[in-house]
Amino acid sequence: MAARPRAVAWGQIARFTLVGGVNTLTFYLCYLPLHRLLPYFAAYTGGFVVSLVGSFFLNTYFTYRTRPTWTKFLLFPLTQVTNYVVQSAGLVTLVGWFGMNSAVAPLVAALLAIPVTFAVSRRTLLPGRRGMRPQPPAPPYAAAPKLPHA
């Protein structure tokens, strides 16, 4: 008999989507003032870092309802490397090659990065996908019945 697929956690999806919107707004509100002081790519990087820190705390507390730790904080940026690379390439392409306004280009680059970021996130976060190490089996004593104390 085939294993039943895991139920979709719609609440987490909704919270993740909301956090994504808040992160985008946070990024843009940081990017615009920095863009007046710095070249567009430096402003983009600064806004990205600020929104990354905010994303970590929002996702730990709100989306997944878990406690933040230093280990999680230090590993969290690794999940965003693909997003950063795709958005950065999109930003440079849109501004440098297509002459798009550098105040609008980060939002367009973020929209264009969604499919790639989703695919990478899905592959990384869902267990049992090809390329991921399987979870170790539960220790045998976890399923053993409890015996009464003598």
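Q: What makes Leu18, Val22, Val49, Val53, Phe57, Leu58, Tyr61 and Phe62 a nonpolar patch on the surface?
A: In this predicted model, these residues together have about 660 Å² of accessible area. A patch takes residues with over 30% relative accessible area and no salt bridge, and nonpolar side chains are joined within 5 Å. Leu18, Val22, Val49, Val53, Phe57, Leu58, Tyr61 and Phe62 are therefore grouped as one nonpolar patch.

Q: Which elements give two or more residues to the nonpolar patch?
A: They are helix 1 (10–37) and helix 2 (40–63). The largest share, 6 residues, comes from helix 2.

Q: Why is Val53 called partly exposed?
A: Val53 is found in helix 2, and its relative accessible area is 33%. Partly exposed lies between the buried limit, under 20%, and the exposed limit, over 50%. The value of 33% falls between these limits, so Val53 is partly exposed.

Q: What makes Ala43, Tyr44, Gly47 and Phe48 in helix 2 buried?
A: Buried means under 20% relative accessible area. Those four residues are counted as buried, and other buried residues of helix 2 include Ser51, Leu52, Ser55 and Phe56.

Q: Why does Arg67 count as exposed?
A: Its relative accessibility is 68%. Exposed means over 50%, so Arg67 counts as exposed.

Q: Where is Arg67 found?
A: Arg67 is in the loop between helix 2 and helix 3 (70–79). The C-alpha atoms of Arg67 and Phe57 are separated by 9.1 Å, and the two residues are 10 residues apart along the chain. Phe57 is one of the residues of the nonpolar patch.

Conventions:
Residues are numbered from 1 along each chain as its sequence is written. This is a predicted model: local features need pLDDT of at least 70, side-chain atom pairs count only at pLDDT 80 or more; totals for chains, interfaces and linings use all residues. Side-chain values use heavy atoms; hydrogens and water are left out. Patches are made of residues with over 30% relative accessible area and no salt bridge: like charges are joined within 9 Å, nonpolar side chains (Val, Leu, Ile, Met, Phe, Trp, Tyr) within 5 Å. Accessible areas come from the Shrake-Rupley method with a 1.4 Å probe; for residues, only the protein chains shown count as cover. A salt bridge is a side-chain nitrogen of Lys or Arg within 4 Å of a carboxyl oxygen of Asp or Glu. Buried means under 20% relative accessible area, exposed over 50%, partly exposed in between (1.4 Å probe, protein chains only).
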